[in-house]
Amino acid sequence: KGGIYKLLHIAKNESDLEEIAVYQAVLDGVIYTRPLSEFYEKFTCVVGMDDKELERINLQAEYDELLNRYSNL
């Protein structure tokens, strides 16, 4: 959906021991899970991003969301 997410943990599903990604949306802080293989298929991993670059990307995502929401009015 174009958001920025932070991988918090890699966990194991209790029933089948499948690896699960536990990740958090940077924009609103909501925490999600999905199979690790799906996580790596869906998201591009970026390491070493400094706080200013992360803030810039986050603000751009907020701007894009607001622009999309209000362009439909």
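Predicted model: local features only at pLDDT ≥ 70, side-chain atom pairs only at ≥ 80, totals over all residues.
Residues are numbered from 1 along each chain as its sequence is written, and side-chain values use heavy atoms, with hydrogens and water left out. Local features need pLDDT of at least 70 and side-chain atom pairs count only at pLDDT 80 or more, while totals for chains, interfaces and linings use all residues.

**Overall form**

The chain contains two helices and three strands, in the order β-β-β-α-α from the N terminus on. Helices (H or I, at least four residues) and strands (E, at least two) are DSSP runs, numbered from the N terminus. The radius of gyration, taken over C-alpha atoms, is compared with a globule rule of 2.2 Å times the number of residues to the power 0.38. The chain has 15 Å, whereas a compact globule of 73 residues would have a value near 11 Å. Along its principal axes, the C-alpha trace spans about 45 × 30 × 20 Å.

Of the 73 residues, 12% count as buried; buried means under 20% relative accessible area, exposed over 50%, and partly exposed in between (1.4 Å probe, protein chains only). The accessible surface comes to about 6000 Å², with 52% belonging to carbon and sulfur atoms. Such areas come from the Shrake-Rupley method with a 1.4 Å probe.

**The largest pocket**

A pocket is an open set of points on a 1 Å grid over the protein atoms alone, where a 1.4 Å probe fits, with protein on both sides within 12 Å along at least five of seven lines; lining residues have an atom within 4 Å of a point. The largest pocket holds about 450 Å³ of space, the volume being that filled by probe spheres set on points joined across faces, edges and corners. Its lining has 15 residues, of which Ile-4, Tyr-5, Lys-6, Thr-44 and Val-46 lie nearest the centre. Elements giving two or more residues to this lining are β1 (5-12) and α2 (51-71), and β1 gives the most, with three residues.

| Class in the lining | Number of residues |
|---|---|
| Nonpolar (Ala, Val, Leu, Ile, Met, Phe, Trp, Tyr, Cys, Pro) | 12 residues |
| Polar (the others, Gly among them) | two residues |

**Selected residues**

Leu-17 lies in the loop between β1 and β2 (19-25) and is exposed, with a relative accessible area of 57%. Although Leu-17 is not a glycine, it has a positive phi of about 65 degrees. Most residues other than glycine have a negative phi.

Ser-37 belongs to helix α1 (residues 36-42) and counts as partly exposed because its relative accessibility is 45%. The C-alpha atoms of Ser-37 and Gly-48 are separated by 22 Å, the two residues being 11 apart along the chain.
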